[in-house]
Amino acid sequence: MPEQPEPDPVEDARLRRWRMVVGTQADDALGRPGGGQMQEMDRSLAALYEAPSGRRGGLGGSAPSVARWLGDIRKYFPSNVVQVMQRDAVDRLGIAALLAEPELMDTVEANIDMVSTLISLGKAIPETSRASARTLVRKVVDDVERRIADQTRAAITGALNRAATTHRPRPADIDWNRTIAKNLKHYLPEYRTIVPQQLVGHGRRSQQLGRDVVVAIDQSGSMAASIVYASIFGSVLASMRSIRTSLVLFDTEVVDLTDELDDPVDVLFGATLGGGTDINQAIAYCQGLITRPTESIFVLISDLYEGGLRDKMLARVAAMTDAGITVVVLLALSDEGAPAFDRDIALALADMGIPAFACTPDAFPELLAVAIGRGDITAWAASKELEQRGM
């Protein structure tokens, strides 16, 4: 008999990994994963991806079994994989209700997706679990706020200072480009220099009421992450004396949560995801909040699927821009990119000079600064898109 070749350990490990990807149906062809950690990883994957889709309760008959499963996947898989598996568990196994159990709160990976899940559950969370759910949401909100607060305040304060022009600036506040342009007629050829007769610079208005910002957020299901980020940004803006901030959530009704902005967690638990959408009604409400049109910025965050009066909605946006209001339309404020959206309405807005685009949380402070300075938002959005493409 011919001598059997020695097994190749590298090839053997590769086949066993493929077996974990394919699942137990490939046992005969690829063998089973070895004992120890690989076997535990295989069990965790099988519990999720080989369970009947839509099975209520999922992963076992009790919340503690779900807690153990959540602990296992964090033990054996990297954080980015854990987040994907948690989302898949909610979708495939119907365990959204179990995530509201108090004993699970310490085992859930705290991230924007889980906060979105909890605010999606909303009033379905049992009263006994609300405190635990708020604790989880608070942890994520505080982490995000620490990340974006200083950047946002610096961008807004700088934009307000630049927007306030003065002809008696301090040396550090001189706008040299505008000063040179203003004094070109005072160029002395023999000295090859300009003798400025008038300085142009930035004022310092950070302690004055510089702008009014009104944010309206669509509560449709695809906007969950946007609501989380917008609530946190709204809270940061509300803490600045130079900005007057209003925050409105809407579906077929309008809910003004401006008074809750000192605590974004209250805003999030005031959200009700799902249902219809009446953008026209929301814009009409926001028009009533604006008393200084030329000093106001209106931010609409929506996928633009209008269930109300489309033509009237577009007419209201046009009236806003005609009155001097800076209008910003975001299809999403998240790291996930733009969801499905109404392209016809987006094109109609573009024809008015109002681009509709998705914005990441890291770029949002810069976008606000451009809006405060009445810069070209279309050009800014185009430059960000080129950046993301690496061009």
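Which residue does D362 meet in a salt bridge? In this predicted model, local features need a pLDDT of at least 70 and side-chain atom pairs count only at pLDDT 80 or more, whereas totals for chains, interfaces and linings use all residues. Residues are numbered from 1 along each chain as its sequence is written, and side-chain values use heavy atoms, with hydrogens and water left out.

The side chain of D362 meets that of R147 at 2.8 Å, N to O, a salt bridge being a side-chain nitrogen of Lys or Arg within 4 Å of a carboxyl oxygen of Asp or Glu. D362 lies in the loop between strand 10 (356–359) and helix 14 (364–372) and R147 in helix 7, so the pair ties together parts that are 215 residues apart in sequence; helices (H or I, at least four residues) and strands (E, at least two) are DSSP runs, numbered from the N terminus. By this rule the count of salt bridges comes to 10. Another joins E295 to R211, with the closest N and O atoms 2.7 Å apart, and R211, E295 and R374 are linked in a network of such bridges. R211 is buried, at a relative accessible area of 3%, while E295 is partly exposed, at 21% (buried means under 20% relative accessible area, exposed over 50%, partly exposed in between, with a 1.4 Å probe and protein chains only).
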